[in-house]
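Please examine the strand pairing, the nonpolar cores and the aromatic contacts of the structure shown below. The explanation that follows takes these topics in turn.

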Amino acid sequence: MSVYAPSLLCILLVLFTFRAVDGYYAQRYRQCYYTRDLVTIEFIYSWYFNKAEYLRYNSTTDRYTGYTVYGAKMAESLNLDPKNSLYSYVYTFCKYNKDNYASTVLKKVKPKVMVRSLTSDTDILPAILLCTVYDYHPKGIKVSWLRDGEVVTEGVSSTDELSDGDWFYQIHTYLEYTPRPGENISCMVQHESLTQPLISTWEPSLPLDQKNKLIIGIFLLVLGMVLAIAGFLYYMLRCKGLVAKQTSQTISLERTTSEISQSSQSSQNSQTALQTSTP
């Protein structure tokens with residue numbers, strides 16, 4: 001391998017596979033290795049026969065290397081003529097693919113975090129918390145547990161960074177602990193896509209008896225509000241009924257008074273007419 005330690009393998013392409021009827025087969029691979037900044041590129045062309053590599057070209061040395069007797073003879077022959085160099089593949093193959101895929105390969109995606117408990121309220125202590133960090137890119141992340149702002153080192157375990165197969169990664173970290181009242185437990189994530197650590201605080205669920213008390217309290221509160229609204233509507237309707245009744249009685253009284261007044265006036269008019277007609 002070359003002196004350039006590849007931190008990113010971008011392309012691994014099987015070019016040809018030849019298989020004979022009796023089970024023998026040959027393969028050729030073209031590979032491009034890039035440093036993380038994509039400045040240094042190394043092209044490797046490998047020849048295989050029955051899964052054994054027998055010849056390789058490396059662009060860093062610009063020479064062929066044989067790994068079997070037959071491969072060594074081929075390499076010696078190919079290295080004699082500079083026209084057999086495959087260095088142009090660095091530009092026509094590796095750089096071309098780098099320009100096409102660099103935006104995807106180098107894209108930084110912020111991680112998503114989910115913190116949850118793996119034990120129920122009835123389980124025997126200690127409890128276990130799980131911090132899942134997923135859908136982030138590139139690989140390379142640090143996940144820590146915080147207890148009241150202090151980093152926790154005991155009772156912590158973690159999986160390796162797992163590839164999703166679509167350029168994204170995920171990791172799972174566990175914390176085994178004994179709960180204390182009023183404590184604050186958080187999962188802190190550090191990644192190059194973040195300008196500052198991402199802290200997700202665990203929100204513990206209420207015990208079963210407290211949940212029942214909370215549900216009963218909410219039910220009584222809603223029931224009280226319904227009864228209050230119903231009482232208010234009943235009071236308003238009753239007031240409107242009383243006002244309508246009083247108004248009806250007033251109108252009836254006014255009509256009676258008016259009729260009595262008209263009758264009295266008619267009687268007076270009759271008496272006046274009678275007196276006028278008497279000689």
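Strands E13 and E14 run antiparallel and are joined by 4 bridges; two strands count as paired if DSSP finds at least two bridges between them. Helices (H or I, at least four residues) and strands (E, at least two) are DSSP runs, numbered from the N terminus. The model is a predicted one, in which local features need pLDDT of at least 70 and side-chain atom pairs count only at pLDDT 80 or more, while totals for chains, interfaces and linings use all residues. Residues are numbered from 1 along each chain as its sequence is written, and side-chain values use heavy atoms, with hydrogens and water left out.

Of the 7 residues of E13, 6 are buried, where buried means under 20% relative accessible area, exposed over 50%, and partly exposed in between (1.4 Å probe, protein chains only).

These pairings belong to an open sheet of 4 strands with antiparallel pairing and the order E9-E8-E13-E14. Strand E9 (150-152) and strand E14 (198-201) are at the edges with a single partner strand each, so one side of each has no neighbour in the sheet. From one strand to the next, the twist averages 35°; axes are lines fitted to C-alpha atoms, for helices over the stretch in contact, and angles run from 0 to 180 degrees between N-to-C directions.

In soluble globular proteins, nonpolar side chains tend to be buried together. A nonpolar core is defined here as a set of buried Ala, Val, Leu, Ile, Met, Phe, Trp, Tyr and Cys residues joined through side-chain atoms within 4.5 Å. The largest such core has 19 residues, of which Val 133, Val 143 and Trp 145 touch the most other members. Two or more residues each come from strand E7 (127-136), strand E8 (141-147), strand E12 (169-177) and strand E13 (185-191). E7 gives the most to this core, with 5 residues. Apart from this core lies another, of 16 residues, including Tyr 45, Trp 47, Leu 55 and Phe 93. Val 133, leaving aside its neighbours within four places in sequence, has contacts (heavy atoms within 4.5 Å) that include Ile 141, Val 143, Tyr 169, Ile 171 and Val 189.

The whole structure holds 13 aromatic pairs. Rings of Phe, Tyr and Trp (its six-membered ring) pair if their centres lie within 6.5 Å; planes under 30 degrees apart count as stacked, over 60 as edge-to-face and the rest as tilted. Phe 43 and Phe 93 form an edge-to-face pair, with 6.2 Å between centres and 75° between planes. This pair links distant parts of the chain, 50 residues apart: Phe 43 is in strand E3 (residues 41-49) and Phe 93 in helix H2 (residues 89-105). Both Phe 43 and Phe 93 are buried. The rings of Trp 47 and Tyr 64 have centres 6.2 Å apart and planes at 45°, so this pair is tilted. Both Trp 47 and Tyr 64 are buried. Phe 43, Tyr 45, Trp 47, Tyr 57, Tyr 64, Tyr 89 and Phe 93 form one aromatic cluster.
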